[in-house]
Amino acid sequence: MSAQLYFDREHTDDLAAFVAAGPSPYHVVANVAERLEKAGFTRLAETDAWDGGSGGRYVVRGGAIIAWFVPEGAPPETPFRIVGAHTDSPNLRVKPRPDSGAHGWRQVAVEIYGGPLLNSWLDRDLGLSGRLVLRDGGTRLLAVDRPLLRVPQLAIHLDRNVNEQGLVLDRQRHMQPVWGLGAVDEGGLIRFAAEQAGVEASDVVGWDLMVHDVQPPAYLGRDQEFLAAARLDNQLSVHAATAALTAVAGSPDLSYVPVLAAFDHEENGSESDTGAGGPLLGRVLERSVFVRGGSYEDRARAFAGTVCVSADTGHGVHPNYAERHDPTHRPMPGGGPILKVNVNQRYATDGAGRGIFAEACDRAGVPLQEFVSNNAIPCGTTIGPITAARYGITTVDVGVPILSMHSARELCGADDPFLLANALKAVLEG
């Protein structure tokens, strides 16, 4: 059995701190990089020449990070064991011309990113986060983690039938947050953001900004058996994978090269230079083979023996909507990670992948559940099928069951992140 990483709640406490410190994908990457540095990993630039020595390395590109550990003496054809996840979450993102307003209210123009539950963003205290791009090509992270914006819902007195007929939100007209009073202040938001980041507004030439719920993560329930937090999809998996990679790095018994691949843009299809559909992971893996003296043949051999675990959140059975779930597959909090299966390849799990992950869970002493969608309700998808198809590697989709997926605030079992991390550690150990 693999050694466990933490006591259950110690791991979940750390996850809560990780989520609170990660309001944007860029902050998530910075947090992962900091943890890797503390574990002895070295950052590489894609434009530099790499060496073929052993040890931990990582590469950052925007909201994505790839990290790997080369065991001492590993030949170039050594296969990889990859845990893939994503750093982004559905939210509201600031438009290029953000300053707007009407009728004496100052507002921020936002665009809907991914597939959020729009109603969950109403009447919440929202902060502002992301990155500013500077004239010299540098970037500056921004996190205004206090109540700054709000998307106010229409009072029931002005929408008398809302509880009977349902809330209908126009994505353009109804989702623009307010943040002040007065006439539209052209350039006001970026001046404010620059001041908060400690730079001159005239030096800001671009930005990737978004809003986030400032309510911190919290335990919930009579016995605190749940964790409620923003962005569990999918920072929960990024955190677990980071913990697993740093735990196995340096192990003398590694027969694989363990890898963490945390991508951006999963929530809108992964088709970007930092998404799973882009070339980043493949280039990193290939360079790792080639700088150790490998050939194309060695690269092919390494990929043929590689396994990827696509770790994302999944649907726990909802007690108020049980009919929406498959009657024989109803994952519960505290029951361990779920194997996600879809025969139409919305998930990449097959029998071989199932066997690999089930065996790893068994070694780690971690219980295992299965998830498959109700046949009448099509399921979502993940980076799993993209990775399997792009690189021709065995891929299995797994995750932690949650409720309120794509809400501004989601819910999971408090012990499930710990169980996932231990399962992923066993996977990376091989």
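Predicted model: local features only at pLDDT ≥ 70, side-chain atom pairs only at ≥ 80, totals over all residues.
Trainee: Why is His239 called buried?
Mentor: Buried means under 20% relative accessible area, exposed means over 50%, and partly exposed is in between (1.4 Å probe, protein chains only). His239 has a relative accessible area of 2%, so His239 is buried.

Trainee: Where does His239 lie, and which residues is His239 in contact with?
Mentor: His239 is in helix H5, residues 232-248; helices (H or I, at least four residues) and strands (E, at least two) are DSSP runs, numbered from the N terminus. Contact means heavy atoms within 4.5 Å. Leaving aside neighbours within four places in sequence, His239 is in contact with His11, Asp14, Leu15, Phe18 and Arg35.

Trainee: Why is Asp203 called partly exposed?
Mentor: The value for Asp203 is 32% relative accessibility, which lies in between the cut-offs for buried and exposed, so Asp203 counts as partly exposed. Asp203 sits in the loop between helix H4 (188-197) and strand E10 (204-213). Leaving aside neighbours within four places in sequence, Asp203 is in contact with Val133, Leu134 and Arg135.

Trainee: What makes H4 mostly covered?
Mentor: Of the 10 residues in H4, 7 are buried. They are Gly188, Leu189, Ile190, Phe192, Ala193, Ala194 and Ala197. Their cover includes E5, E6, strand E7 (126-134), strand E8 (139-149), strand E9 (178-181) and E10. Just after H4, Gly198 takes a positive phi of about 80°.

Trainee: How do you know that E5 and E6 pair?
Mentor: Two strands pair if DSSP finds at least two bridges between them. Strand E5 (residues 91-102) and strand E6 (residues 105-113) have 8 bridges, in the antiparallel sense. One of the bridge partners is Val108 in E6, for Asp99. The hairpin of E5 and E6 has 2 residues between the strands, and His103 takes a positive phi near 55° there.

Trainee: What makes E1 and E17 edge strands?
Mentor: The open sheet has 9 strands in the order E1-E2-E3-E13-E4-E14-E18-E16-E17, with mixed pairing. Strand E1 (42-43) and strand E17 (369-371) each have a single partner strand, so one side of each is left without a neighbour in the sheet.

Trainee: How many bridges join E16 to E18?
Mentor: Strand E16 (residues 338-340) and strand E18 (residues 394-399) run antiparallel and are joined by 2 bridges. That meets the requirement of at least two. Gly399 in E18 is the bridge partner of Ile338. Helix H10 (residues 416-429) packs on the sheet and touches E4, strand E13 (257-263), E14 and E18.

Trainee: What makes a set of residues a nonpolar core, and which members touch the most others in the largest one?
Mentor: A nonpolar core is a set of buried Ala, Val, Leu, Ile, Met, Phe, Trp, Tyr and Cys residues joined through side-chain atoms within 4.5 Å. The largest has 52 residues, and Val32, Leu36, Tyr58, Ile65, Phe357, Val398 and Leu424 touch the most other members. H10 gives the largest share of this core, 9 residues. Apart from it lies another core, of 30 residues, among them Trp121, Phe192, Ala193 and Ala194.

Trainee: Why is the pair of Tyr347 and Phe371 called edge-to-face?
Mentor: Rings of Phe, Tyr and Trp (its six-membered ring) pair if their centres lie within 6.5 Å; planes under 30 degrees apart count as stacked, over 60 as edge-to-face and the rest as tilted. Tyr347 and Phe371 are 6.4 Å apart centre to centre, with 65° between the planes, so the pair is edge-to-face. Tyr347 is in the loop between E16 and H8 and Phe371 is in strand E17, so the pair ties together parts that are 24 residues apart in sequence. Tyr347 counts as buried at 5% relative accessibility, and Phe371 counts as buried at 4%.

Trainee: How do you know that Arg93 lies over the face of Tyr113?
Mentor: A charge sits over a ring if NZ of Lys or CZ of Arg is within 6 Å of the ring centre and within 35 degrees of the ring normal. Arg93 lies over the face of Tyr113 at 3.6 Å from the ring centre. Arg81 lies over the face of Tyr256, at 4.3 Å from the ring centre.

Notes: Residues numbered from 1 in each chain as written. Heavy atoms only, no water. Axes fitted to C-alpha atoms, helices over the stretch in contact; angles between N-to-C directions.
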